[in-house]
Structure formats: C-alpha cells, structure tokens
Amino acid sequence: MTALIFIARYGKLALICGLLAGLLLPDLAQVLRWWIPELVALLLFLTAFRIGPIDALANLAELGRTALVVLVLQLALPVGFLLMLSLLGLPVTPLALALALVMAAPSVTGSANFAILLNGDPAPALRLLILGTALLPLTCIPVFALLPGFGDIGDVLAAALRLLAVILGAAALGFALRHWRAPDLPERGRKATDGLTMIVLAVVVIGLMSAIRPALETDPLNLLFWVGVAFALNFGLQGLAYVTLRRRGYPAAVPTSIVAGNRNFALFFVALSPEATEPLLIFLGCYQFPMYLTPTLLRRFYDPR
C-alpha cells in the first residue's frame with residue numbers, strides 16, 4: 001500500500017518512465033504489444049473500481065449533455081474537417097487521414113486516469129468513454145462516407161462492438177467489486193488504486209510505442225514530423241475545448257477537454273489498407289507522447305494556481 005501510494009504521488013513521472021522504456025527497450029515493447037488488449041481491460045477495471053458505481057452513475061441527468069459532447073467531438077469535428085477539405089479541393093493525404101481519424105475516434109481508456117492526475121473529476125471522462133464507444137457505430141458512418149476507399153465499415157463496427165463489450169465488462173466487474181467489497185473506499189485505498197493504475201498505464205505505453213524505435217533508426221526526420229503533428233493535434237484539441245467550455249461555464253471542462261485530445265483512433269486500423277496504416281502506425285506511437293505528457297505539460301494550463 002505504501003509503495004503504491006508513493007507511485008501515485010509521482011504518477012506523472014511513472015508515465016514518463018513508460019515513454020522512456022518504450023524508446024529504450026524495443027524488445028520489451030514488441031512483447032508487450034501483444035498484451036495491450038488485456039492491459040487495457042485491467043486499466044478499465046481499476047478505473048471503474050476507483051470511481052465506483054455511485055459516482056459514475058449518480059448524475060444520470062448528465063446523460064443528454066454527455067451524448068451532445070460525443071456528437072460534437074466524434075461527428076461534427078471530423079465531418080466539418082472533411083467537408084472543408086472537399087470544398088477546398090484538397091486530397092485526403094496520410095496527414096489529413098490521421099487528423100480525421102483522431103477526431104472521429106472515442107476517448108482513450110486512460111482519460112479518466114489523466115483527469116485524476118490533473119485534479120479533475122474522472123467520472124465525466126468515464127461516461128464519455130463508455131457512451132462515445134457505444135455511439136461509434138453510428139457516428140463513424142458519415143465520416144467513412146467522406147473518406148474515399150476507406151475500407152470495410154463492417155470491420156470497424158465489429159471492432160467498436162468488441163471494444164464496447166470489453167469496456168462494459170471490465171467496468172461492470174470493477175463496479176461490482178467496489179460495491180460488494182469496498183463501498184466506502186478510504187482515501188488511502190484510492191491513492192493505492194491510483195498507484196497501481198499508473199503502473200498499468202506505464203506498461204501499456206511501452207507496447208503502444210513498438211513502432212517508434214525502428215522509425216527512429218531508419219527515418220528520424222519523418223518521425224520528428226509525426227511527433228510534431230501529434231503534439232499540435234492533441235494539445236490543440238484540448239486547448240480549444242477547454243477555452244470554449246470554460247467560457248460557457250461547463251463544470252466538467254477539464255475531463256471533457258482531456259477526452260477531446262486523447263482519442264482511441266487505433267480502432268479504425270482494421271479497415272485500412274497496409275499502405276495506409278504504415279505511416280499511421282508511426283503516428284500512433286508518436287501520439288503517445290502528448291497523451292502521456294498531458295498531466296505534466298498541461299498541468300498549469302488546466303490549473304494555473
């Protein structure tokens with residue numbers, strides 16, 4: 001317990017250690033990439049246990065507002081972007097495809113944990129994760145219609161449904177364990193759970209960065225380009241969302257803004273051709289940098305005190 005609480009206290013450093021391990025230990029990254037689904041399920045279980053069913057589901061009146069946020073983030077943004085490209089007569093380049101897929105994707109599974117590290121409420125982020133994944137089979141259809149030769153939409157729908165089943169199953173188990181074994185989880189227990197979650201997050205990022213080390217050795221300039229794109233897109237979406245929501249007095253501005261920039265666009269890879277996925281695999285690894293550095297680099301942005 002004491003060790004886990006210590007790790008929770010320095011959770012931002014744990015995430016940075018995971019990024020460094022992904023760069024410095026390529027063999028370990030190749031091994032862990034095959035365990036990412038199981039690690040993600042464990043992460044969701046721990047997050048649901050930490051939040052608990054009461055905090056996660058207490059404010060059902062927020063369901064409509066959460067659905068509206070999902071439609072803006074996963075439908076309005078990518079459709080507006082692709083329509084703009086069409087009106088300007090611009091092609092869907094790998095860069096444009098990467099931007100569109102990020103904006104069309106639901107939240108990453110670690111968004112609630114990033115909210116905790118930034119002293120925000122993790123429950124809205126968890127609701128956005130669940131509802132965003134549940135609505136993905138509907139919100140992605142207009143996006144795919146605007147992407148020429150994208151692939152089989154059925155593959156993406158099947159992948160989204162599998163992810164939703166994992167999310168719901170892991171969350172249900174976490175809620176059940178919290179309800180039956182620790183309904184009144186003390187602060188020490190919350191911190192210990194946060195520490196264990198930081199360890200899982202650090203291990204997950206090692207596997208997600210399996211394509212980074214080979215790219216660094218073969219084409220560092222191309223890697224640098226995609227790192228710049230990842231930071232600009234991730235932090236840009238977070239900043240735009242936070243400024244807009246704060247002006248409107250939205251109470252869940254921090255977790256919603258975190259979700260706006262941190263998306264699980266790897267879901268769409270099942271419908272892409274090998275030619276399209278090659279640069280996007282590098283982008284997927286590069287996207288882990290702004291994602292896992294969000295609690296460190298944006299701490300003063302979200303809480304300037």
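Leaving aside its neighbours within four places in sequence, which residues is T66 in contact with? T66 is in contact with R127, L128 and L131, where contact means heavy atoms within 4.5 Å.

Two ground rules. This is a predicted model, where local features need pLDDT of at least 70, side-chain atom pairs count only at pLDDT 80 or more, and totals for chains, interfaces and linings use all residues. Residues are numbered from 1 along each chain as its sequence is written, and side-chain values use heavy atoms, with hydrogens and water left out.

Back to T66. It sits in helix α5; helices are DSSP runs of H or I, at least four residues, numbered from the N terminus. Its relative accessibility is 6%, so T66 counts as buried (under 20% relative accessible area, 1.4 Å probe, protein chains only).

Next, helices α8 (residues 122–145) and α9 (residues 153–181). They pack at about 170 degrees, axes 10 Å apart. Axes are lines fitted to C-alpha atoms over the stretch in contact, and angles run from 0 to 180 degrees between N-to-C directions. The pair is therefore roughly antiparallel, a label for angles over 145 degrees. Who meets whom? Among them, L126, L129 and F144 in α8 meet residues of α9 including I153, V156 and F175. The contact's residues divide into 19 nonpolar, one polar and no charged. Nonpolar means Ala, Val, Leu, Ile, Met, Phe, Trp, Tyr, Cys and Pro; charged means Asp, Glu, Lys and Arg; the others, Gly among them, are polar.

How values were computed: Helices (H or I, at least four residues) and strands (E, at least two) are DSSP runs, numbered from the N terminus. Buried means under 20% relative accessible area, exposed over 50%, partly exposed in between (1.4 Å probe, protein chains only). Angles under 35 degrees count as roughly parallel, over 145 as roughly antiparallel, 65 to 115 as roughly perpendicular and the rest as oblique.
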